[in-house]
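Please examine the sequence and the model shown below before reading on. The paragraphs that follow lead through the structure step by step.

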Amino acid sequence: MKLGMVGLGRMGANMAKRLVQGGHECIGFDVSPESVARFQAEGSAATSDLTEFISMLPPPRIVWCMIPAGEITEQMVQRLAALLDAGDVIIDGGNSFYKDDVRRAESLLETGIHYLDVGTSGGVWGLERGYCLMIGGTKEAVQQLDPIFATLAPGPGDIPPTPGVDSHASKAELGYLHCGPVGAGHFVKMIHNGIEYGLMQAYAEGFDILRNAQSEALPENLRYDFKLEQIAEVWRRGSVVGSWLLDLTAIALNEDPQLAGYSGYVQDSGEGRWTVQAAIEEAVPADVLTAALYTRFRSRQEHTFAEKILSAMRKQFGGHVEAPAQK
């Protein structure tokens, strides 16, 4: 299939590359001339002119947006809507708020332009590993784009099916899933990221306790000088707490056992806040996820080794560079 990728940053460029490697043709758009030049140097067409970009796509046009959530995405959807025709498709693959998706889709109803929201997980590793996709939109539009989703997704890999699961019921075991109508994809991704906060916080606190086991406040015969990188490595093998996040923690600790390159200032993408808001609206207790979010807020005032672990994990899975501490 032929489609356009709006946004040629870390995620967008790698997703486009994976699509091209899978036999699709991908046209790129970015406001940055440098990003356009890099994309062109790899053999694909790209431009910084949105009208030209749309003219390079055959109808029905498929435009996938991988740009920052919020006003940037809002303006881009409006600009695209003015250039596209009935039957064309806009896909928001960023981390948009699901209620914004519902509103945008409703505003496009009269135009006949389809709108899909696709929660995308995979970070800077997605080109190699594939992207877990959580999709919201009409059944017809999702089915139309199935070849694209199948190419971006990781596939079954070496993960055995869950016993008793009907593999024909959905594409979940291939790494992508039509979660429901518009907004459903980003809702599921929102909760995914909220859970991510909690998992990361649990690892961070655990390693902080291990690191402080040599504290002089403890009796001398109860002090331990643990090699955290080795503990992370042994836990990766057969432990019930093994995970990709632990794999990434092991990489970070092996590169820098003291995490001296991190201050512990931890940002939040916004999805953790939205998860807590959803929990409040549904009257669902979410103690762990809320505490994990608040810990990130606190990290901007004072830092512990646990926050350095969080920063290191964010850099490993998403390429997120730690923001400088505010004075």
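**A guided reading of the model**

Pro60 lies in the loop between α3 (50-55) and β4; helices (H or I, at least four residues) and strands (E, at least two) are DSSP runs, numbered from the N terminus. A cis peptide bond, with omega of about -10°, joins Pro59 and Pro60. This is a predicted model, in which local features need pLDDT of at least 70 and side-chain atom pairs count only at pLDDT 80 or more, while totals for chains, interfaces and linings use all residues. Residues are numbered from 1 along each chain as its sequence is written, and side-chain values use heavy atoms, with hydrogens and water left out.

Leu259 is found in the loop between α11 (244-255) and α12.

The sheet comes next. Strands of a sheet pair through backbone hydrogen bonds, either parallel or antiparallel. Here, eight strands form an open sheet with mixed pairing, in the order β3-β2-β1-β4-β5-β6-β7-β8; two strands pair if DSSP finds at least two bridges between them. Because β3 (46-47) and β8 (176-180) stand at the edges, each with a single partner strand, one side of each is left without a neighbour in the sheet. Strand β2 (residues 25-29) pairs with β3 in the parallel sense over two bridges, and Phe29 has Thr47 in β3 as its bridge partner.

Helices pack on this sheet. Helix α1 (residues 10-21) touches β1 (2-6), β2, β4 (62-65) and β6 (114-121), where contact means heavy atoms within 4.5 Å. The direction of α1 makes about 165° with that of β1; axes are lines fitted to C-alpha atoms, for helices over the stretch in contact, and angles run from 0 to 180 degrees between N-to-C directions. Helix α5 (residues 98-107) also packs on the sheet, touching β5 (89-92) and β6, and its direction makes about 155° with that of β6.

Two further helices pack against each other. Helix α12 (residues 271-282) and helix α13 (residues 287-299) meet at an angle of about 140°, with their axes 10 Å apart. In this contact, Gly272, Arg273, Thr275 and Val276 of α12 meet Leu289, Thr290, Leu293 and Phe297 of α13. By class, the contact has four nonpolar, three polar and one charged residues; Ala, Val, Leu, Ile, Met, Phe, Trp, Tyr, Cys and Pro count as nonpolar, Asp, Glu, Lys and Arg as charged, and the others, Gly among them, as polar.
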